[in-house]
Amino acid sequence: MKARVTVTLKSGILDPQGKAIEGALKSLGVDGVASVRQGKVFDIEIDGNDRAGAEARLKEAAEKLLANTVIENYRIEVSG
Amino acid sequence: MKSAVLVFPGINRERDMARTLRLISGQEPAMVWHTETALPAGTDLVVIPGGFSYGDYLRCGAIAARAPIMDAVRAHAARGALVLAVCNGFQIACEAGLLPGVLMRNKALKFICKNIYLRVERSDTPFTRGYNAGQVVCVPTAHGEGNYVADAETIARLEGEGRVAFRYVAPDGTLDPQWNANGSTNAIAGILSEGRNVLGLMPHPENHVEAEIGLTDGRGLFAGLVDYFKQAA
């Protein structure tokens, strides 16, 4: 099964990298960019076809390693 | 003082740290590879040195914090024994749950490599007993992600419990945003665990201990530790 874990910074956490990208987009003349927040995407393949089991394991992966929940949120999508 | 310096792939300050420990304690530190599951018997002080463990992949310190040796380090800390975590070591200690909060990208996005000034906030800990409270010391710093962040409740608890050990200050010891180059909350450079037995700090006191190199302001931290263990013996 293919899955995707998306990790994003919690609101209120300063994101200097996002700010720098935002500035670069503006200097490139890309109009209408109000703000940029940088995150991470993990594409993960899970053995077997147990969707609930896969979600549980991905939650464990996100909590234990992929995200630092002090500053980040995560979202799990299993695409079957 | 029997010390153990942890070594992870990508760490590069372990030899500086070992040299300083040898010089000041007169004892050879054990170098402990990350795949070990136990610390050498009788280890008084665990040191997590600086560098770029695992190339800072995922988040600084995130992968090193999950290495096999870290269970032994957590058990060592849980017994109230001492852990000194410097630079990448501080990031690893936060990721490992030994200390609260996280070190984020420096506010100005620049890697900071220069001497900075720290104010010692309290002298009644094993790590700071070699200094006076309020003393200003000059030590080198070298990091891209040293911007200390925690939620408001954690910051209030750290401040309320007097667990901020070092702050970035101007040379005269006053707080000044200009001298808080990485943008850390409350100019926090170093914090203590609840039991005051784990110290994490971003700058490198181990690099200012020999007159030949210049300043010796970092010496007090290590001399204080050696003295602490002499008194305890």
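This is a predicted model: local features need pLDDT of at least 70, side-chain atom pairs count only at pLDDT 80 or more; totals for chains, interfaces and linings use all residues.

**Chain A**

Start with the parts list.

The three strands make an open sheet in the order β2-β1-β3, and the pairing is antiparallel. At the edges you'll find β2 (40-45) and β3 (72-78) of chain A; each has a single partner strand, so one side of each is left without a neighbour in the sheet. On average, neighbouring strands here are turned by 20° against each other, ignoring direction.

Now zoom in on one of the pairings. Strand β1 (residues 2-9) of chain A runs antiparallel to β2(A), and six bridges link them. Look for T6(A), which sits opposite V41(A) in β2(A).

How many of the six residues of β2(A) are buried? The count is zero, so to speak a strand that is hardly covered. Helix α2 (residues 51-66) of chain A, meanwhile, lies across β1, β2 and β3 of chain A and runs at about 155° to β3(A).

What about the overall shape? The C-alpha trace of chain A spans about 45 × 25 × 15 Å along its principal axes. Its radius of gyration is 16 Å, whereas a compact globule of 80 residues would have one near 12 Å. Buried residues make up 14% of the 80 residues in chain A. Of the contacts in chain A between residues at least 6 apart in sequence, 66% join residues at least 24 apart.

**Where the chains touch**

The contact between the chains takes 12 residues from chain B and nine residues from chain A. On the chain B side, these are six nonpolar, one polar and five charged residues.

**Chain B: the sheet**

Chain B has an open sheet of nine strands, in the order β2-β1-β3-β4-β11-β10-β9-β6-β7, with mixed pairing. Its edge strands are β2 (30-33) and β7 (136-143) of chain B, and each pairs on one side only. Neighbouring strands in this sheet are turned by 25° against each other on average, direction ignored.

At one end of that order, strand β6 (residues 112-120) of chain B and β7(B) run antiparallel, joined by eight bridges. Here I112(B) stands opposite H143(B) in β7(B).

| Helix | Strands of chain B touched | Angle |
|---|---|---|
| α1(B) | β1 (3-7), β2 and β3 | about 175° with β1(B) |
| α2(B) | β1, β2, β3, β4 (82-86) and β11 (198-201) | about 125° with β4(B) |

**Chain B: one more helix**

Next, find helix α5 (residues 219-232) of chain B. Which residues of α5(B) are buried? They are R219(B), G220(B), L221(B), F222(B) and L225(B). Among what covers them are α1 (14-25) and β3 (45-48) of chain B.

G190(B) lies in strand β10 of chain B. Is G190(B) buried or exposed? It counts as buried because it has 27 C-beta neighbours inside 10 Å, and 20 or more is enough for that. Leaving aside neighbours within four places in sequence, G190(B) is in contact with A165(B), F166(B), L199(B), G200(B) and L201(B).

You'll find Y54(B) in the loop between β3 and α2 (69-78) of chain B, while N186(B) is in the loop between β9 (164-168) and β10 (188-192) of chain B. Y54(B) is partly exposed, with 19 other C-beta atoms within 10 Å. N186(B) also counts as partly exposed, with 15 C-beta neighbours inside 10 Å.

Notes: Residues are numbered from 1 along each chain as its sequence is written. Chains are lettered from A and ligands numbered from 1 in the order in which they are written. A residue is buried if 20 or more other C-beta atoms lie within 10 Å of its own, exposed if 12 or fewer, and partly exposed in between; C-beta atoms are placed from the backbone. Helices (H or I, at least four residues) and strands (E, at least two) are DSSP runs, numbered from the N terminus. Two residues are in contact if their C-beta atoms, placed from the backbone, lie within 7 Å. Two strands pair if DSSP finds at least two bridges between them. Axes are lines fitted to C-alpha atoms, for helices over the stretch in contact, and angles run from 0 to 180 degrees between N-to-C directions. The radius of gyration is taken over C-alpha atoms; the globule rule is 2.2 Å times the number of residues to the power 0.38. Ala, Val, Leu, Ile, Met, Phe, Trp, Tyr, Cys and Pro count as nonpolar, Asp, Glu, Lys and Arg as charged, and the others, Gly among them, as polar.
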